[in-house]
2 protein chains.
Amino acid sequence: VRAIDEHDLIARYFGPLAADPAALELTDDAAVLAPPAGCDLVLTKDGIAEGVHFPAGESGADVARKALRVNLSDLAAMGADQLGYLVLLGLPADWTEAWVASFADGLSEDQATYGVALYGGDTIRTQALTVSVTAIGSVPSGRAIRRAGARAGDMIYVSGTIGDGALGLLARRGALAGTDAAQRAFLAERYRAPQPRCALAPVLRRFARAAIDISDGLAGDLDKVCRASGVPARVDCEKVPLSGAARAAVDADPALLELCMTGGDDYEILCAVASEDAGAFEAAAREAGVPVAPIGAFADGAGAAVFVDREGRETRFRHRSFSHTG
Amino acid sequence: VRAIDEHDLIARYFGPLAADPAALELTDDAAVLAPPAGCDLVLTKDGIAEGVHFPAGESGADVARKALRVNLSDLAAMGADQLGYLVLLGLPADWTEAWVASFADGLSEDQATYGVALYGGDTIRTQALTVSVTAIGSVPSGRAIRRAGARAGDMIYVSGTIGDGALGLLARRGALAGTDAAQRAFLAERYRAPQPRCALAPVLRRFARAAIDISDGLAGDLDKVCRASGVPARVDCEKVPLSGAARAAVDADPALLELCMTGGDDYEILCAVASEDAGAFEAAAREAGVPVAPIGAFADGAGAAVFVDREGRETRFRHRSFSHTG
């Protein structure tokens, strides 16, 4: 077991990331944040563990990216602008300084990409590599977007393409029929490095009545919106946007469509938009550089989400969502 | 491997803890906190792992208490009033629902004891039990107490008694010469359930020029204040308050005094108070119900902390502090 000199480690690798005044240069017991005036703070905390959320041998930068981005995705879904984060790095006995350097590099790049600041954190010993991030964002007071709020008649939109993350995990584990190497690499990258839809947050604040990030699978996460909003939903499977690579895999093995709809790790946004706002929402999303597509609508009555094929037949999934805790 | 239905687990055990409006009843992707007016938010994140920070087989309630309290201790040291927390619970494959119920009970009791609210969190699978807490407090804007700020001539105060935590770990592992069963139980309890000095936070805001919580050992944590403040310090070992149980152990084995001074897990507060404020500080601390004792003073010049015995001879420690990451 190699001892970590925590002070040295933090000073060398995390100090340079902590330029924001709230971080107090990582010299104190806590960070001190002056909240933006007129805003609520939005707080989310999610963690990832080796062997569960990422395979053993993943690079420090890849682990850092995933840990941070899944939290930024939660902020975006709430319509919050990301401000900063705290990170807990749990290192196993066989940690290396090179790995930590790569981890810090990954954070540093993402801080630049997403305009987010390191506020603080901690480094501890754990039996297996574990990273926990708390991300902090802001919304104008009372303007956070929730899962509750969808109404009958609202359109269901999703950002980006659905199913790449789940197929990417398969692609990393081996061949995926119907896909070429470039397509498998694309899918694997979508699994490895989620792209949180931070740019969509202000658009959601303007137009979304409800939103969620798709982390556990489109079907299961839509169920959550239905449950919170008290309305059922109907999704046209054909309208769910698939990437070219996902389309190739599904064409070769139609059973994979269910995986796309339920597999999770998409980190795209699902939201409810009043039908009269659809055009303005699409234009604003385009302006923000985020592709969005309508996949169905919320309905009257009770129940969860129903997925229908091109003939209007209901598709039943064996599992509605992927549980990261399973 | 038993699957966790995360939704059920959170609804059953954590939902009842989330009465604060910021938690949104744990139904959303994040918590939404309206920051108190005129305040800075103080944010700290610390984690504990089985086999590193607590032994295997610890009860859920004990793990919950330790995870939450070490974070509340950080807030207190900053002079912050605790508001709420987020918790990440990393469960191994052999988790049981009874353990989670006990964990939630521990949190529930501490929420009542410390007046702190659950804002959010997450439950994930990990290889070994790991808990990460992010605690959030508030101070009037610009009034957080830092490690920097001690000046030559300031007195060094500590709260409570020092060394119980480190001796408590020994007591749990077996006999401790010179102590009886009740004393060993007292020390073990001090290790198992830290008592964060939340009540001292407003007193620190009035009187402390610098503060830190003693988590890594008195000597090492005082060194941090010296380094941050740019002043050395001199501690009279005889003045460092020991509990009756610790005194008995040190009397039987004088070498244990070093462990008391460097062993960590005290979760007491060390602070710098101007000598002219000493009387008022002591009175205010007494009023707050927190015992405090002067143990030395900060000095002119350069260097770290010097510990002297009753004859004024410098005591040298082999290790200045205990590293939880070692």
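These legends accompany close-up views of a predicted model.

**View 1. A stacked aromatic pair in chain B.** Searching the whole structure over all chains turns up 10 aromatic pairs (Phe, Tyr or six-membered Trp rings with centres within 6.5 Å; stacked under 30 degrees between planes, edge-to-face over 60, tilted for the rest). B:W99 and B:F103 are stacked, because their ring centres are 5.5 Å apart and their planes meet at 20 degrees. Helix α3 of chain B (residues 97-114; a DSSP run of H or I, at least four residues) holds both, four residues apart, about one turn of the helix.

**View 2. An aromatic cluster in chain A.** Here A:F14, A:W99 and A:F103 come together as one aromatic cluster.

**View 3. Lysines over tyrosine rings.** The charged end of A:K66 sits over the ring of A:Y191, 3.6 Å from its centre (the criterion: Lys NZ or Arg CZ within 6 Å of the ring centre and within 35 degrees of the ring normal). In chain B, B:K66 lies over the face of B:Y191, 3.7 Å from the ring centre.

**View 4. How the two chains relate.** The same surface serves both copies, with 100% of chain B's contact residues (heavy atoms within 4.5 Å) recurring in chain A.

**Notes.** Residues are numbered from 1 along each chain as its sequence is written, and chains are lettered from A and ligands numbered from 1 in the order in which they are written. Local features need pLDDT of at least 70 and side-chain atom pairs count only at pLDDT 80 or more, while totals for chains, interfaces and linings use all residues; side-chain values use heavy atoms, leaving out hydrogens and water.

Note on methods: Helix = DSSP H or I, 4+ residues; strand = E, 2+ residues; numbered from the N terminus.
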